[in-house]
Amino acid sequence: MSTLPKLISGFTVIPVAYARSTHILYARAHLSKSQDVVYPEKRTLFLVNIPVDATDREISLFFKSCGTVERVVYNRDSRGEAEAEEETEADIETSPPLSPSPSSQDLQPRSKRKQRPTESASPSVVPFPPIPLRTLRKTGSIAHVIFLDTSSLEKALVPPTKPRPWPSSSEEPRGLAHYAALYDAQRPPLDVVKVHADTWMERFEFDLAKTKQKLAYRKGEAIVDDDGFTLVTRGGAYGQTLGGGVGVASKAFEKTSRTGSKKKKEPKEKETFYAFQKAEKQRKALLDLRKNFEADKARIDKMKGSRRFKPY
């Protein structure tokens, strides 16, 4: 303990008995060039090298002997808290005044005004049950501790004579119990997973049906966007509007003035449509049959004459 210096580059060295070892905190008063609302200059303690799993409650208990801690701001959420305070003040300033009580004329029903149908509320998704876990930060992280009075800051900057024990909070698991709780949180019971999945699918189907309802159109009516353009889809030789109506020619049709489709074969006229055509067809078939019979008869006689064996 005697080897540790009390001050290093303007920082007070605060030894801490932490988990069977000595952890070193470096502290000094917060200095700001202008008036800072988030970090009051005479009430803010600037801490360096806080434990990686430190919580607000543990830091408040550690400096309880010096005074009451108003809040603790870490290096990652300091900007977000300042923006939240500015938004809160802006909301208070811009909040509308209370409206007066409605008169009897306002309470009368208005028949001329059309009432719009109320939209169905979107189903909510049942989340997994939250489990309090510590936020693990990087080694050497910083924090701003804001006290209620200036005397508390002066007491916190007094170098201690011996290491002060780091308080432990049983509300959030620590060490190996932290990772065991994280393991259990990532594997919830099956009934909890089923309820979460069912509600999530209900929300998905609701959003999908709502999207389809917005994109729905009537058959035969073209869809026109906000700028007045008609939505067109390409298909085949001609493009067609998405809802129907006027067609748009393709690029090939604009160049050649042809559709590019194959020509259809013209249907042939039926030969037996009229009665005389049927009679002529039958007469022709009979003449062809007789002609073929005479040709076959002559061919058989020729074959008989070419035989070498003559029995008589």
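I take a residue as buried under 20% relative accessible area, exposed over 50%, and partly exposed in between. The model I am looking at is predicted.

**Entry 1**

I find Trp200 in helix α6, which spans residues 190–215.

**Entry 2: the chain as a whole**

I then went to the totals. The chain has 312 residues, and 20% of them count as buried. I read off eight helices and 10 strands. The chain exposes about 25,900 Å², and 55% of that comes from carbon and sulfur atoms. I also checked the contacts with a separation of 6 or more: residues 24 or more positions apart account for 64% of them.

**Entry 3: strand β4**

Why do I call β4 largely enclosed by the rest of the structure? This strand covers residues 44–48, and four of its five residues are buried, so the description holds.

I looked next at the strands that pair with β4. Strand β3, residues 21–29, runs antiparallel to β4 and is joined to it by four bridges. On this side I picked out Ala29, whose bridge partner in β4 is Leu45. Strand β6, residues 142–147, also runs antiparallel to β4, with five bridges between the two. Here I noted Phe46, which stands opposite His144 in β6.

Ser9 is not a glycine, yet its phi is positive, at about 55 degrees. I place Ser9 in the loop between β1 (7–8) and β2 (11–18). Is Ser9 buried or exposed? Its relative accessibility is 70%, and the cut-off for exposed is over 50%, so Ser9 counts as exposed.

Asn49 also has a positive phi, near 70 degrees, and is a residue other than glycine. I find Asn49 in the loop between β4 and α1 (56–62).

**Entry 4: recap**

Methods. Residues are numbered from 1 along each chain as its sequence is written. This is a predicted model: local features need pLDDT of at least 70, side-chain atom pairs count only at pLDDT 80 or more; totals for chains, interfaces and linings use all residues. Side-chain values use heavy atoms; hydrogens and water are left out. Buried means under 20% relative accessible area, exposed over 50%, partly exposed in between (1.4 Å probe, protein chains only). Contact means heavy atoms within 4.5 Å. Accessible areas come from the Shrake-Rupley method with a 1.4 Å probe; for residues, only the protein chains shown count as cover. Two strands pair if DSSP finds at least two bridges between them.
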